[in-house]
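Here are my notes for you to read alongside the model.

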Amino acid sequence: MLASLELGRRIGKRRLREDAHGAQAGIAAVEAAVFGLMGLLLAFTFSGAWTRFDARRDLILAEAKAIGSGWQRADLLAPNDREVMRTDLRTYLDLRLGSTRAGATKADTATAALQGRLWSRALAAAQNDVRLVQGFLPVIDQMFDVATARYVAAGAHPP
């Protein structure tokens with residue numbers, strides 16, 4: 001690449017010395033082609049960024065709906081379990097908001113630990129009630145799946 005650039009520069013300088021007016025012929029077409037390609041690359045970059053932005057916004061909405069469903073389905077739990085689960089869900093929501101704002105791995109680590117605790121408590125509560133297996137566990141699982149999808153989507157950048 002460097003050798004080709006140097007060769008082109010030397011040929012261009014020689015042509016400019018020999019015929020200053022003729023050396024400029026055809027440059028406008030090359031400039032137009034280069035700027036056209038740059039515009040096309042810029043348009044593709046913005047299009048990809050817009051697509052990623054839309055996907056992230058959809059994931060935020062999906063996560064908010066999943067956490068809201070988890071909050072509502074906590075009504076299926078026994079009163080003692082319900083309060084503990086809602087406290088954990090409130091903490092989970094705060095952690096998810098914190099990880100969105102800061103993008104910090106510290107919040108992601110705390111979120112993973114809290115996910116384990118939420119899942120363990122949901123499984124323990126489901127041992128006594130079959131309704132929870134059908135109504136509450138899938139919502140908790142969906143919350144975790146969307147959080148993982150958001151984590152992966154945050155790492156997607158233009159190549």
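1. Let me start with Arg-14, which is partly exposed at 44% relative accessibility (buried means under 20% relative accessible area, exposed over 50%, partly exposed in between, with a 1.4 Å probe and protein chains only). An α-helix has 3.6 residues a turn, so residues three or four places apart point the same way.

2. **How to read the model.** Please keep in mind that this is a predicted model, in which local features need pLDDT of at least 70 and side-chain atom pairs count only at pLDDT 80 or more, while totals for chains, interfaces and linings use all residues. Residues are numbered from 1 along each chain as its sequence is written, and side-chain values use heavy atoms, with hydrogens and water left out. Helices are DSSP runs (H or I, at least four residues), numbered from the N terminus.

3. **Confidence.** The predictor's confidence in each residue, pLDDT, runs from 0 to 100. The protein chain averages 86, and 94% of the residues score at least 70. Which elements have the lowest and highest mean pLDDT? Helix 5 (residues 130-135) has the lowest, at 80, and helix 2 (residues 27-73) the highest, at 92.

4. **Asp-88 and its two arginines.** Asp-88 is found in helix 3 and is buried, with a relative accessible area of 5%. It forms a salt bridge with Arg-121, the closest N and O atoms being 2.1 Å apart. Asp-88 lies in helix 3 and Arg-121 in helix 4, so this pair ties together parts that are 33 residues apart in sequence. Asp-88 also meets Arg-117 in a salt bridge, at 3.3 Å from N to O.

5. **Other salt bridges.** How many salt bridges does the structure hold? The count is nine. Glu-6, Arg-9 and Arg-10 are linked in a network of them.

6. **The nonpolar core.** The largest nonpolar core has 20 residues (a set of buried Ala, Val, Leu, Ile, Met, Phe, Trp, Tyr and Cys residues joined through side-chain atoms within 4.5 Å). Helix 2, helix 3, helix 4 and helix 6 (137-154) each supply at least two residues of this core. Leu-77, Met-85, Tyr-92, Leu-118, Phe-136 and Met-143 have the most contacts inside it. Not counting residues up to four places away in sequence, Leu-118 touches Met-85, Asp-88, Leu-89, Tyr-92, Met-143 and Phe-144, where contact means heavy atoms within 4.5 Å.

7. Ring pairs join Tyr-92, Trp-119 and Phe-144 into a cluster. Gln-115 is found in helix 4 and is buried, at 17% relative accessibility. Leaving aside neighbours within four places in sequence, Gln-115 is in contact with Tyr-92, Phe-144 and Ala-147.

8. The 47 residues of helix 2 should span 69 Å at 1.5 Å a residue, and the end C-alpha atoms are 69 Å apart, which agrees; the expected span is 1.5 Å times one less than the number of residues. Its buried residues are Leu-59, Glu-63, Ala-66, Ile-67 and Gly-70. Asp-145, in helix 6, is partly exposed, with a relative accessible area of 45%. The C-alpha atoms of Asp-145 and Glu-63 are separated by 8.8 Å, although the two residues are 82 apart along the chain.

Definitions and conventions
Salt bridge = Lys/Arg side-chain N within 4 Å of Asp/Glu carboxyl O. Phe/Tyr/Trp six-rings, centres within 6.5 Å; stacked < 30°, edge-to-face > 60°.
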